[in-house]
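Dear colleague,

Please find below the structure that I am handing over to you.

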Amino acid sequence: MRERTVIDLRPSGIPEIPMLGRYVYREAKSGLDLHAHRDVLEICYLAKGQQLYRVGQRDYVLTGGDVFVTFPGEVHSTGETPEEKGTLYWVQVILPNRSRPFLNCPPREGRALVEQLRRLPHRHFAGEPVLARLLDDALAADGPLRRVIIQNRLVDFLLRVIDLSQREPRASVSPAVSELLRYIEANAHQTLPLPALAARLGLSLPRFKARFKAEVGIPPAEYVLRCKVEAAKQRLTQPDATVTRVGAELNFSSSQYFATVFRRYTGQTPRQFRARLPA
């Protein structure tokens with residue numbers, strides 16, 4: 001399933017917002033090629049999932065709840081990775097010069113808002129669920145007050161992004177969870193039931209799920225599947241590996257389920273992946 005909503009707000013009398021979008025992908029799609037936006041600040045909020053972005057030579061890995069910013073003129077892409085399964089919002093903002101109004105704010109406040117957006121201290125930081133709610137409201141706005149609603153939601157969104165960017169970066173993963181991540185990666189060929197993983201941390205299953213998502217950014221079951229897919233990609237490069245054998249080695253219940261999961265996270269089936277390997 002693919003749900004994608006993109007609107008250009010310039011014809012609606014909001015010249016500062018050439019693009020406001022949201023996608024909900026149930027499986028990976030083709031990645032973004034290298035591109036840049038002249039005079040445009042782009043703010044992404046990853047509500048769910050994981051995504052890699054590349055700016056210059058540096059890679060940034062986003063997990064659910066992260067905000068990512070590209071500044072005007074910066075060349076960026078998703079590297080060699082696809083647009084992943086998940087939910088992503090993005091806003092493109094044209095930053096005007098000092099003589100032009102901004103989102104119908106009073107001149108002094110509008111200039112201050114633009115200057116703070118130009119000088120965000122970080123490009124990658126933890127967000128909050130309210131960011132998604134504000135953009136959902138803007139995307140759904142209708143009726144005679146549509147422009148007012150959208151402008152107000154976008155100003156609130158931008159103010160919250162400015163505030164969040166000044167806080168401490170996302171807390172690092174604790175030593176206990178880091179050790180568990182290494183265990184999952186090293187044992188991707190096992191079944192790895194969640195109650196057993198919770199027991200390794202001495203937590204009940206609900207507390208384990210909550211702590212894992214808070215620290216890692218995605219649910220533990222999704223992390224396990226991602227590790228299995230990464231292990232499968234490595235295994236499929238070997239001459240003796242067949243799709244059926246690799247699926248069985250990684251404890252998938254069937255070749256069909258293995259292919260479904262593999263495509264969900266890579267945008268291609270295991271057979272397509274093997275066919276594209278260098279000879």
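How many helices and strands make up the secondary structure of the protein? There are 10 helices and 8 strands. Please bear in mind that this is a predicted model.

Overall dimensions and surface

Taken along the principal axes, the box filled by the C-alpha atoms is roughly 65 × 45 × 40 Å. The protein has 279 residues, and 46% of them count as buried. Its accessible surface amounts to about 14500 Å², and carbon and sulfur atoms account for 50% of that area.

Contacts and charges

Where contacts link residues at least 6 apart in sequence, 70% of them join residues at least 24 apart. As regards charge, the protein carries 41 positive and 29 negative side chains. The centres of these two sets are 3 Å apart.

Helix 1

Helix 1 covers residues 107–118, which makes 12 residues. From its first C-alpha to its last it reaches 17 Å, close to the 16 Å expected at 1.5 Å a residue. Which residues of helix 1 are buried? They include Gly110, Leu113, Val114 and Leu117. Viewed down the axis of helix 1, the buried residues fall within an arc of 95°, and therefore they line one face of the helix.

Yours sincerely

Terms used:
Residues are numbered from 1 along each chain as its sequence is written. This is a predicted model: local features need pLDDT of at least 70, side-chain atom pairs count only at pLDDT 80 or more; totals for chains, interfaces and linings use all residues. Side-chain values use heavy atoms; hydrogens and water are left out. Helices (H or I, at least four residues) and strands (E, at least two) are DSSP runs, numbered from the N terminus. The expected span of a helix is 1.5 Å times one less than its number of residues. Buried means under 20% relative accessible area, exposed over 50%, partly exposed in between (1.4 Å probe, protein chains only). The arc is that of the directions from the helix axis to the C-beta atoms. Contact means heavy atoms within 4.5 Å. Accessible areas come from the Shrake-Rupley method with a 1.4 Å probe; for residues, only the protein chains shown count as cover. Lys and Arg count as positive and Asp and Glu as negative; His and the chain ends are not counted. The place of a charge is taken as NZ of Lys, CZ of Arg, CG of Asp or CD of Glu.
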